[in-house]
Amino acid sequence: MAAETKSHLEVFLENRTALVSYAARLLGSRDQAEDIVQDAFLRLKPEDGVGYAPRQILAYLYSIVRNLAFDQLKRRNVETRGREVDPPFWILPQDPGSPEETVLFADQARVAREALEGLAPDARRAIELYRIEGWTLEAIAGELGISVATAHRLIRSGMVKIALSMDRASH
């Protein structure tokens with residue numbers, strides 16, 4: 001059969017493997033890619049191939065696959081938006097440990113709290129925003145009216161002071 005008279009089905013069957021590989025690269029899943037390619041074929045109507053060269057039909061198939069893959073990625077992002085990948089540590093069941101471990105942990109928490117309270121107000125607030133509330137350095141700098149470098153320096157020096165206090169208390 002001459003290349004100029006191939007049907008859309010022949011073009012699809014000859015290039016199916018390449019289309020699946022293309023979709024798999026976009027989606028990161030071969031199974032989902034198979035589904036996308038099948039859906040692309042179903043969207044290609046027999047009359048779409050009439051009067052077009054096989055390479056034009058193939059280009060159209062690739063664009064359908066690309067658009068369907070991007071639609072699926074967008075849908076996946078919308079569905080997972082707002083969900084945390086890992087739940088926060090405090091929601092997971094914790095091993096209570098032995099009474100000695102509980103007392104040791106409470107003592108370490110007390111030492112860390114006292115060290116945090118002993119820091120300058122800006123350093124204390126920067127550490128609370130960064131470590132407890134998960135703010136970015138840029139957001140902390142904006143909140144405190146300081147530069148990002150200063151926010152980083154406050155957090156780093158404050159965390160060192162807290163670690164040193166905890167180390168002294170453990171010896």
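This is a predicted model: local features need pLDDT of at least 70, side-chain atom pairs count only at pLDDT 80 or more; totals for chains, interfaces and linings use all residues.
I started with what covers the buried residues of α1: the cover includes α2 (30-43) and α3. Contact here means heavy atoms within 4.5 Å, and buried means under 20% relative accessible area, with exposed over 50% and partly exposed in between (1.4 Å probe, protein chains only). Helices are DSSP runs of H or I, at least four residues, numbered from the N terminus.

Residues are numbered from 1 along each chain as its sequence is written, and side-chain values use heavy atoms, with hydrogens and water left out.

Next, α1 itself. I listed its buried residues: H8, V11, F12, N15, L19, V20, Y22, A23, A24 and L27. The helix covers residues 8-27 and spans only 24 Å between its end C-alpha atoms, whereas a straight helix of 20 residues would span 28 Å (expected span: 1.5 Å times one less than the number of residues). I then found a bend of about 60° at N15, taken as the angle between axes fitted to the seven residues ending there and the seven starting there. After α1 comes G28, with a positive phi near 80°.

Then I looked at Q72, in helix α3 (residues 54-80). Q72 is buried at 18% relative accessible area. Skipping neighbours within four places in sequence, I see Q72 in contact with L27, Q32 and I36.

Last, E117 in helix α4 (residues 99-117). I got 48% relative accessible area for E117, so it's partly exposed. Its C-alpha is separated by 9.9 Å from that of I162, 45 residues apart along the chain.

Definitions and conventions:
Helices (H or I, at least four residues) and strands (E, at least two) are DSSP runs, numbered from the N terminus.
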